[in-house]
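Visitor: I'd like to learn how to read a fold like this one. Could you walk me through it, feature by feature?

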Amino acid sequence: ADAGAAAPATDDRTGQDRLVRNVIASWAGHLVFIIAGFVMPRQIDLTIGQVGLGVWDFGWTAVNYFYLAQIGVGVSINRYVARYRAAHNVEGLSRLISSAFLLQSTAAVIVLGLTALSVKFLPFFFADRLAGETETAAWVIGLLGISVAIRMAIQAFSGVVTGCHRWDLHNFLNASAYAVTVYAMVVVLWRGYGLVGISAAYVGGTILNEVARVVLDCLGCGVAGLVSPGGRIAVGLVRDEHGPLEGRLIGAG
């Protein structure tokens with residue numbers, strides 16, 4: 001009942017008409033990541049060696065734990081976006097995006113803090129095991145941690161696109177940005193910039209991807225104007241048990 005009135009029968013927002021296209025786009029997008037998963041380790045091994053590849057894997061193993069900071073909020077956004085859109089509940093959609101944006105931004109700040117702590121205490125816990133690569137590992141974890149924080153802060157926008165059943169746009173954006181990122185990382189490797197260089201290239205690719213996602217969501221009439229007209233993000237729309245939280249407008253619809 002709180003999602004609003006039922007949608008008119010003539011306005012189907014279930015995404016059934018895009019099902020086949022979305023499935024194909026998802027597989028095509030994942031194919032890019034699969035290919036990159038074979039290319040990048042080989043390139044690191046050829047240019048830096050097994051030790052460098054081990055440090056790279058160690059860095060990713062460390063920062064992947066940082067995703068726990070979002071406590072499942074990011075992956076649940078699309079379900080509620082689809083629900084409110086189907087019910088034509090613009091106010092509910094706006095509250096959802098605003099709340100998710102605030103929570104994800106808070107999680108991103110936590111990730112930055114965890115990244116800083118990891119870099120600071122890495123020599124204390126792993127200096128012996130990293131075989132003289134402690135400084136490089138610290139740079140890798142620091143840069144990859146920043147990329148995780150950026151991606152986490154923008155997770156709400158990703159949920160809007162997929163919640164509007166535009167998995168084709170979502171996967172095209174991710175796959176395209178990642179293909180460009182991998183290309184840049186390979187170039188950086190062969191020019192001798194090592195693990196720090198490819199970590200910086202990955203951060204640059206993350207920024208490119210997320211800026212493109214925000215532009216996609218904000219062009220047109222409202223947040224996700226290309227896929228979900230009518231929404232907006234405002235801190236003042238965020239609610240808790242005491243009512244709305246006062247704040248400034250983040251984006252207008």
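Visitor: Let's begin with the rings: how many aromatic pairs does the count come to?

Guide: Rings of Phe, Tyr and Trp (its six-membered ring) pair if their centres lie within 6.5 Å; planes under 30 degrees apart count as stacked, over 60 as edge-to-face and the rest as tilted. By that rule, the count here is five aromatic pairs. Before we go on, two notes: this is a predicted model, where local features need pLDDT of at least 70 and side-chain atom pairs count only at pLDDT 80 or more, while totals for chains, interfaces and linings use all residues. Residues are numbered from 1 along each chain as its sequence is written, and side-chain values use heavy atoms, with hydrogens and water left out.

Visitor: What kind of aromatic pair do Phe33 and Tyr178 form?

Guide: A stacked one, at 4.5 Å centre to centre with 15° between the planes. Phe33 sits in helix 1 and Tyr178 in helix 7, so the pair ties together parts that are 145 residues apart in sequence. Helices (H or I, at least four residues) and strands (E, at least two) are DSSP runs, numbered from the N terminus. As for cover, buried means under 20% relative accessible area, exposed over 50%, and partly exposed in between (1.4 Å probe, protein chains only). Phe33 is partly exposed at 35%, and Tyr178 is partly exposed at 21%.

Visitor: And what about Trp60 and Tyr202: which geometry does that pair have?

Guide: That pair is edge-to-face, with 5.1 Å centre to centre and 85° between the planes. Trp60 and Tyr202 are both buried. Ring pairs also link Trp56, Trp60 and Tyr202 into a cluster.

Visitor: Now the whole chain: what pattern does it follow along the sequence?

Guide: Reading along the sequence gives α-α-α-α-α-α-α-α-β-β-β-β, that is, eight helices and four strands. Of the 253 residues in the protein chain, 45% are buried. Take contact as heavy atoms within 4.5 Å. Among contacts between residues at least 6 apart in sequence, 75% join residues at least 24 apart.

Visitor: Which residues touch the most other members of the largest nonpolar core?

Guide: General idea to begin with: in soluble globular proteins, nonpolar side chains tend to be buried together. A nonpolar core here is a set of buried Ala, Val, Leu, Ile, Met, Phe, Trp, Tyr and Cys residues joined through side-chain atoms within 4.5 Å. In the largest one, which has 32 residues, Ile44, Trp56 and Ile198 touch the most other members. Elements giving two or more residues to this core include helix 1 (19–47), helix 2 (50–64) and helix 8 (194–218). Helix 5 makes the largest share, nine residues. Leaving out residues up to four places away in sequence, Ile44 touches Gly49, Gly52, Leu53, Trp56, Leu189, Leu195 and Ile198. There's also a second, separate core of 13 residues, including Ile77, Leu96, Ala100 and Val160.

Visitor: Why is helix 6 described as largely enclosed?

Guide: Because nine of the nine residues of helix 6 (residues 155–163) are buried. Among them are Phe157, Val160 and Val161. Asn78, found in helix 3, counts as buried at 19% relative accessibility. The C-alpha atoms of Asn78 and Val160 are separated by 5.8 Å, although these residues are 82 apart along the chain. Setting aside neighbours within four places in sequence, Asn78 is in contact with Gly159, Thr162, Gly163 and Trp167.

Visitor: How should I read backbone phi, and what is the phi of His88?

Guide: Most residues other than glycine have a negative phi. His88 has a positive one of about 60°, though it is not a glycine. The place of His88 is the loop between helix 3 (73–86) and helix 4 (90–126), and His88 is partly exposed, with a relative accessible area of 34%. His165, which follows helix 6, has a positive phi as well, near 65°.
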